[in-house]
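This report walks through one model, moving from an open space in the fold to individual residues. Please keep the sequence and the structure in view while reading.

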Amino acid sequence: MIKQTSIFLLIVLLSACNPMLKPSTNVNIRKYPDSKAELLGTAEEGEKYTLLAKTSFADTLNFKNGEKPSSPWYLIETKDGVDGWIFGYFTDKIRKPEEVQTVQKSLFLNDWVKLSPLSLKDTIRRESVKNMRKETLQLSFSTAPSFPYPQATIPGKQNKLGIVGADYDRNVGKVLYALRFLPITTAVEERYFLPSGLLLCMIIQESSGLPFLPNSLDDGGIGLCHMQPSIASEFGLVCFEKATMHRDEEFGRKLRDLVEKNREYPFSLFQADERFNPLLNLDAAGRMMATYMAAGANPAYGGPLRSAVARYSGKYNFKHYWESLIIYMSLLHDTSFLNKAEAMFNFENSITLKEYLLAWQAYHQDYLQLEEYKKQKQFLPENAPIVMETYYRHMVK
């Protein structure tokens, strides 16, 4: 990945000059340049390590005594051949730093993630959401090739639960996978006057941004925003084998087999079950949330936004689901988090995150008719002002 050079890093501990730090002989080595990333091991005081790279951005760590040192991170290789990141504050005697490859910070992701809700003045000539559950999109889809750049390395590991791993790695992975669909979620939110970023957070929570990930219960749910067959049918989507039950484990197993056989052929999955189509799935999810919001507030959950989320997630899962949406919304508004996520991607891949996301945007436009979708008629939930007030008060931190 990076050509090894004869650059060495001498680790020293600063506990002697900072009495609030416990005496130690170790410095944590992290999988990625962040203090919350997975711990790979420790670097010992006085040892020399091969120095591979440094970040162009400085991170700030909060110590217990209130001190907030800022420093770049350094990528080192241990004697065991493990590559990991250490915080530069705990280093000394870095030789020939001009020879060290810098992991560049890019502002592209912060420009890409513009979560700007529409204002009420943008709602002229919109239709009411009443009686639009089975609204039909006037779109025709052509044969779609495999998704672009399937070989890209993104933090976290995939299993039947989605993206798993250490908390930081998992969150970065979920966000980066979900951001591939930001152009679609933005268009859907604008069509149904939904809070900006809501559908993106639902994708992160539901499928980790993996469009072909079945519900972990294997009960028939599928899609970027997981939908059961009965709900999908209610909102106008055609399911595999025209299934209409709410939960069906036998059908769920068939669905997983379908995915395994056709994972490399997206269009085959699109034709078999419309929930696999990111645009159709997200439009139905947007219509669902708009319809639920228009229904008003359930006193058990609060205003129309919280009530809509509760109806979507189920009353027993609501508390955890709502809290997760708040966490993901905060990450999407966190400039430092986005910068580091982008630096991690660029370091791990031969392409930049900008190239990766723009390739996905082109795919949406060429094969999912995104530009034609934006011309569809727009709707306005009856409780839109109250929903936006809740969004600003509780979701945007």
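How much space lies in the largest pocket? About 720 Å³ lies there, in a model that is predicted.

## Basis of the report

Residues are numbered from 1 along each chain as its sequence is written, and side-chain values use heavy atoms, with hydrogens and water left out. Because this is a predicted model, local features need pLDDT of at least 70 and side-chain atom pairs count only at pLDDT 80 or more, while totals for chains, interfaces and linings use all residues.

## The chain and its confidence

The protein chain has 397 residues, of which 54% count as buried; buried means under 20% relative accessible area, exposed over 50%, and partly exposed in between, with a 1.4 Å probe and protein chains only. Its secondary structure comes to 14 helices and 14 strands, where helices (H or I, at least four residues) and strands (E, at least two) are DSSP runs numbered from the N terminus. Among contacts with a separation of 6 or more, 69% join residues 24 or more positions apart, a contact being heavy atoms within 4.5 Å.

The mean pLDDT, which is the predictor's confidence in each residue from 0 to 100, is 85 for the protein chain, and 90% of the residues reach 70 or more. Over residues 1–8 the pLDDT is below 50, although this stretch has 25 contacts in the model beyond near neighbours in sequence. Residues 12–24 also have pLDDT below 50, with 22 contacts counted in that way.

## The largest pocket

A pocket is an open set of points, on a 1 Å grid over the protein atoms alone, where a 1.4 Å probe fits and protein lies on both sides within 12 Å along at least five of seven lines; lining residues have an atom within 4 Å of a point. Grid points are joined across faces, edges and corners, and the volume is the space filled by probe spheres set on the points.

The lining of the largest pocket is made by 30 residues, and those nearest its centre are Glu-206, Asn-215, His-226, Gln-228 and Ser-313. Helices H4 (198–207), H5 (229–234), H8 (278–294), H9 (304–313) and H10 (318–332) each give two or more residues to this lining, and H4 supplies the largest share, four residues.

## A covered helix and a covered strand

Helix H3 (residues 182–192) is largely enclosed by the rest of the structure, because nine of its eleven residues are buried. Among them are Leu-182, Pro-183, Glu-189, Arg-191 and Tyr-192. Phe-193, which follows H3, has a positive phi, near 50 degrees.

Strand E4 (residues 48–55) is mostly covered, with seven of its eight residues buried. E4 pairs with strand E7 (residues 73–77) in the antiparallel sense over four bridges, where pairing requires at least two DSSP bridges between the strands. Thr-50 stands opposite Glu-77 in E7.

## Individual residues

Arg-287 lies in helix H8 and counts as buried because its relative accessibility is 2%. Leaving aside neighbours within four places in sequence, Arg-287 is in contact with Met-132, Arg-133, Lys-134, Glu-135, Tyr-192 and Phe-235.

Ala-295, in the loop between H8 and H9, is exposed, with a relative accessible area of 58%. Its C-alpha atom is separated by 8.0 Å from that of Glu-382, 87 residues apart along the chain. Not counting residues up to four places away in sequence, Ala-295 touches Arg-311 and Asn-383.
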